[in-house]
Amino acid sequence: MVDQMSVALGAGLTLIVVAIHYARGTGWEPPADISQEVLERRAAAVPETDFPEPMNRSIGGGAAGAIPAGEGGAELEEGEEGGDEEEGFDPEAIPDDEVEYYEVEFAKEGETIEIANNENILDVGEEEGWDLPYACRQGQCVSCAGQIQDGPAGDYIRHEHNEALFDDDMDDGYCLTCVAYPIDDFTLETGEQP
Ligand code: FES
């Protein structure tokens, strides 16, 4: 009899404690969503780069190896192959009313002839009957090279295409006659290579 009373008393007390506990709540609050804050903090710790999407999409990914734009990129350094000042020059696109003629003295041949700004030097020289050197006729070798005696080649001719001469060579007056078009009068030594 005593045991039954003790068990009932214990059960009653337990129920009371449990009821009080739930009545007051557990005090647990769901944590705030800090994932965005964490992402922003991590992103702020990554150095800024100009690396284009999507390579720089991941936080921290690729930043160490990123090459800032303009450094080691597409631009040719001075002295590198291929003067870029002729980029896009198309002599066939010159309108008739913009065709101009210039006097080019061929020093070794001993003659001065007129060449239009839409005619390349090699073609016109051959039409004169001169045996001028050439190979590719596409600006890819230096077989046809000549040296302008008056100054930097860029002041006297435009190249339609130049894959063979360095900027320094052109500064010394060298040009590729197969793809060179006059923009001024000058004297040329044919058969001269840098
Ligand atoms: S012939 Fe090759 S660059 Fe002129």
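**View 1. Strand β3 pairs with strand β7.** Strand β3 (residues 145-148) and β7 run antiparallel to each other and are joined over 3 bridges. Two strands count as paired if DSSP finds at least two bridges between them. Helices (H or I, at least four residues) and strands (E, at least two) are DSSP runs, numbered from the N terminus. Ile148 has Leu188 as its bridge partner in β7. The model shown here is predicted: local features need a pLDDT of at least 70, side-chain atom pairs count only at pLDDT 80 or more, and totals for chains, interfaces and linings use all residues. Residues are numbered from 1 along each chain as its sequence is written.

**View 2. Strand β7 also pairs with strand β1.** Strand β1 (residues 101-106) and strand β7 (residues 186-190) run parallel and are joined by 3 bridges. Glu105 has Thr187 as its bridge partner in β7, and Phe106 has Leu188. Strands of a sheet pair through backbone hydrogen bonds, either parallel or antiparallel. The covered face of β7 carries Phe186, Leu188 and Thr190, while Thr187 and Glu189 are on the uncovered face. In a regular strand the side chains alternate between the two faces of the sheet.

**View 3. The hairpin of β1 and β2.** β1 and β2 run antiparallel and are joined by 6 bridges. Tyr101 stands opposite Ala116 in β2. The hairpin has 4 residues between the strands, and Gly110 takes a positive phi near 75° there.

**View 4. The open sheet of 5 strands.** The strand order is β2-β1-β7-β3-β5, and the pairing is mixed. Which strands stand at the edges? They are β2 (111-116) and β5 (174-176); each has a single partner strand, so one side of each is left without a neighbour in the sheet. From one strand to the next, the twist averages 40°. For such angles, axes are lines fitted to C-alpha atoms (for helices, over the stretch in contact), and angles run from 0 to 180 degrees between N-to-C directions.

**View 5. The largest nonpolar core.** A nonpolar core is a set of buried Ala, Val, Leu, Ile, Met, Phe, Trp, Tyr and Cys residues joined through C-beta atoms within 7 Å. A residue is buried if 20 or more other C-beta atoms lie within 10 Å of its own, exposed if 12 or fewer, and partly exposed in between, with C-beta atoms placed from the backbone. The largest core has 24 residues, of which Ala153, Cys175, Leu176 and Ala180 touch the most other members. At least two residues of this core come from each of β1, α3, β3, β5, β6 (180-182) and β7. β5 supplies the largest share, 3 residues. In soluble globular proteins, nonpolar side chains tend to be buried together. Apart from neighbours within four places in sequence, Ala153 is in contact with Ile148, Met170, Gly173, Tyr174 and Cys175. Contact means that the C-beta atoms of two residues, placed from the backbone, lie within 7 Å.

View 6. Arg137 lies in the loop between α3 (121-127) and β3. Arg137 is not a glycine, yet has a positive phi of about 60°. Is Arg137 buried or partly exposed? Arg137 counts as partly exposed because 16 C-beta neighbours are inside 10 Å. Cys141 is also placed in the loop between α3 and β3. With 16 other C-beta atoms within 10 Å, Cys141 is partly exposed. Not counting residues up to four places away in sequence, Cys141 touches Ala135, Cys136 and Ala164. Cys141 and Leu176 are 35 residues apart along the chain, and their C-alpha atoms are separated by 8.4 Å.

View 7. Pro95 is found in the loop between α2 (35-45) and β1. Pro95 is exposed because 7 other C-beta atoms lie within 10 Å. The C-alpha atoms of Pro95 and Asn118 are separated by 9.5 Å, and these residues are 23 apart along the chain.

**View 8. The whole protein and its confidence.** The protein has 4 helices and 7 strands, in the pattern α-α-β-β-α-β-β-α-β-β-β along the sequence. Of its 194 residues, 20% are buried. The average pLDDT is 79, and 71% of the residues score at least 70. pLDDT is the predictor's confidence in each residue, from 0 to 100. Over residues 51-81 the pLDDT is below 50.
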